[in-house]
Amino acid sequence: MSTDTTTKDSTEYTRALLTTAEPRRRRTDRIMAGLIWFAFALAMIPLVSLLWTVLFSGAGRMSVDFLSYSMRGIFGGDPSGGIYHAIMGTLIITGCATLISVPIGILVAIYLVEYGRGPLARAVTFFVDVMTGIPSIVAGLFAVSLFTIFFGSGARFGLIGAVALSVLMIPVVVRSCEEMLKLVPNELREASYALGVPKWLTIVRIVLRTSVAGLTTSVLLAVARVIGETAPLLVAVGVTDSINFDPSEGRMMTLPVFIYRQYSQGRAPCQEGQANCVADIALQNAWGAALTLIAIVMLLNIAGRLVNRWFAPKTR
């Protein structure tokens, strides 16, 4: 009887040791949890402040007319202009840059993960790292110089801006997609090889399908990274107040350039008693365009979340 009692007491003591934290560890855990929450709140302050400022300053300018009209024929403090031409220019140029960057970036990432060995792979990795740090204005000057060779010094159209943005997008796509491909378990590849499936078909049917959610998220993050670039588009595409849907001819307006241009105009010289004149309309246009750009980026991130949820590998 005493032996059973001793065994029971020992078991309860061991259980108590395993389930009860020491006071010092409990204090350390609470302190670290508090520091983490404090750091999180500190990091959220500038983000919330930025969103609130843009929302408070730009919400008053938002309207159907503001989103569906261009600035053609709008001068001074006329409040009847809109940003439709800038929205379409942003979407067209960014879409063209995505069509250029995504195939190149994914193929390079596949090469580095699946085939890359030796000095060529090291050289590709080195140049991708170098491209990651290229200033955006240098990408714009490169695109302008490239197209000047074929179209002359006065060439300014959407494809030049798309090439400039693709220079900035490609290293982001390569790096992020490379990490997503590395997350695919090697056991899946080995199982496919054991069934006699060629390597290229294994990559297409196994590796890419498994990582499609991560690849899509990586592409959307790269798009969100370049959609707000101003300097390369200001150099490569120029500005215009008219609507232009053709990226291969004529200048185009984009939201970042529109924001910069409107903000730099300052207050309009309205005369006293002039009815159809708003002195700070350019600043209101800039805030409204900034809010629209943030909304587009948020929609892209939401789309990435949905894709990640729908196409992620099922664990059950």
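Seven aromatic pairs are present in the structure, which is a predicted model. Rings of Phe, Tyr and Trp (the six-membered ring of Trp) are paired if their centres lie within 6.5 Å; planes under 30 degrees apart count as stacked, over 60 as edge-to-face and the rest as tilted. Trp52 and Phe56 form one of these pairs, which is stacked, with 6.0 Å from centre to centre and 25° between the planes. The two residues are four apart in helix H2 (residues 23-58), so about one helical turn separates Trp52 from Phe56. Helices (H or I, at least four residues) are DSSP runs, numbered from the N terminus. Trp52 is exposed, at 55% relative accessible area, and Phe56 is exposed as well, at 62%. Here buried means under 20% relative accessible area, exposed over 50% and partly exposed in between (1.4 Å probe, protein chains only).

Another pair, Tyr84 with Phe245, is edge-to-face, with the centres 6.4 Å apart and 70° between the planes. Tyr84 belongs to helix H4 (residues 84-115) and Phe245 to the loop between helix H11 (231-236) and helix H12 (255-265), so the pair ties together parts that are 161 residues apart in sequence. Tyr84 is partly exposed, with a relative accessible area of 26%, and Phe245 is also partly exposed, at 48%. Ring pairs also link Phe147, Phe151 and Phe157 into a cluster.

Residues are numbered from 1 along each chain as its sequence is written, and side-chain values use heavy atoms, with hydrogens and water left out. Local features need pLDDT of at least 70 and side-chain atom pairs count only at pLDDT 80 or more, whereas totals for chains, interfaces and linings use all residues.

The largest pocket holds about 210 Å³ of space. On a 1 Å grid over the protein atoms alone, a pocket is an open set of points where a 1.4 Å probe fits, with protein on both sides within 12 Å along at least five of seven lines; lining residues have an atom within 4 Å of a point. The lining of the largest pocket consists of 16 residues, and Ile74, Phe75, Gly76, Gln262 and Gln265 are the closest to the centre. Helix H12 and helix H13 (281-311) are the elements that give two or more residues to this lining.

No disulfides are found in a search of the whole structure, a disulfide being a pair of cysteine sulfur atoms within 2.5 Å. For Cys96, the nearest cysteine sulfur is that of Cys177, 20 Å away. The sulfur of Cys177 has that of Cys96 as the closest cysteine sulfur, and the 20 Å between them is too far for a bond. Cys96 is buried, with a relative accessible area of 18%, and Cys177 is buried at 0%.

Val173, in helix H7 (residues 158-182), is buried at 0% relative accessibility. Val173 and Pro103 are 70 residues apart in sequence, with 9.4 Å from C-alpha to C-alpha. Leu255 is in helix H12 and is buried, with a relative accessible area of 0%. Leu255 and Ala86 are 169 residues apart along the chain, and 5.0 Å separates their C-alpha atoms.

Conventions
Points joined across faces, edges and corners; volume = space filled by probe spheres on them.
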